[in-house]
Amino acid sequence: MPISDLTASAFDAAVSARLSDVRERIAAATATGGHGQTVSVIAVTKTHGPEAVLAAWRAGVHDVGENRVQEAEEKMAEVSVPVRWHLIGHLQRNKAKAALRFSLVHGMDTPRLAEALDHVAATADVTLDVLMQVNVSGESSKSGVPLDQVAAFADALHGRSHLRVMGIMTMAPFDAPESTLRDVFRGARLAREQLQGAGHPAPWLSMGMSGDFEIAVEEGATHVRLGTILFGERS
Ligand SMILES: *Cc1c(COP(=O)(O)O)cnc(C)c1O
């Protein structure tokens, strides 16, 4: 039975059971990986309704990810539970102001976007938490900073005093062999070391989705972004 056909309480129970399973798998992967990190689950609710946010909240997940600003804002208006909203998708510079509604922006991928984000944060007199998105695999279809530009971007970010650079986000190629996934996740971890070397706090690594989160956790992920495995296939 598709999860969307379940009644509300059965939907909550299904999400909760799936989450228990995910948490066990994360614990096992954390032990195997040996990086000693704490892992947060971000429930990716894109294409699902507000009931997905509520089910995640009731199951104990307080971080929710959306990849489109407009869809996120609609859902924000429909739920009152105080989840932390993560913007995990690409953000256009002309929509930078919307970043203020999120607790973490995962997709800071160009110096020009950083400039726009710093400007809106300065205007609002806040500090905005951001992740630098890196494109480790070099796939042209993926956004993200190429690895050889991370150091220069990290230095330039010192001038963006209203941004707090909390780490790295990356997306691995879809359906790649495990060795490729590991290379991508390790590359992201090395990029985080570059941020730290440049003096940014950068405690976080946002990587791993439904199909590859255990490998990501083994390689040091602190935030996994999970949609399908919690809520079923997107329609
Ligand atoms: C949709 C999405 C996810 C979740 O993907 P699943 O495979 O459904 O877990 C994670 N990260 C980003 C950036 C996404 O757009």
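In this predicted model, the ligand is surrounded by V44, K46, I88, M169, M171, M209, S210, R225, L226, G227, T228 and R234, where a residue is near the ligand if one of its heavy atoms lies within 4 Å of it. Residues are numbered from 1 along each chain as its sequence is written, and side-chain values use heavy atoms, without hydrogens and water. Local features need pLDDT of at least 70 and side-chain atom pairs pLDDT 80 or more, whereas totals for chains, interfaces and linings use all residues.

By class, this shell comprises 6 nonpolar, 3 polar and 3 charged residues; Asp, Glu, Lys and Arg count as charged, Ala, Val, Leu, Ile, Met, Phe, Trp, Tyr, Cys and Pro as nonpolar, and the others, Gly among them, as polar.

A polar side-chain atom of S210 lies 2.5 Å from a ligand oxygen, and an N or O atom in the side chain of R234 is 2.7 Å from a ligand oxygen. From G227, a polar backbone atom is 2.8 Å from an oxygen atom of the ligand. The protein covers 92% of the 390 Å² of accessible area that the ligand has on its own, by the Shrake-Rupley method with a 1.4 Å probe.

Elsewhere, the structure holds 15 salt bridges, each a side-chain nitrogen of Lys or Arg within 4 Å of a carboxyl oxygen of Asp or Glu. One of them joins the side chains of K75 and E71 at 2.9 Å, N to O.

Terms used:
Polar contact = N/O pair within 3.5 Å; in protein donor to acceptor, adjacent residues only side chain to side chain.
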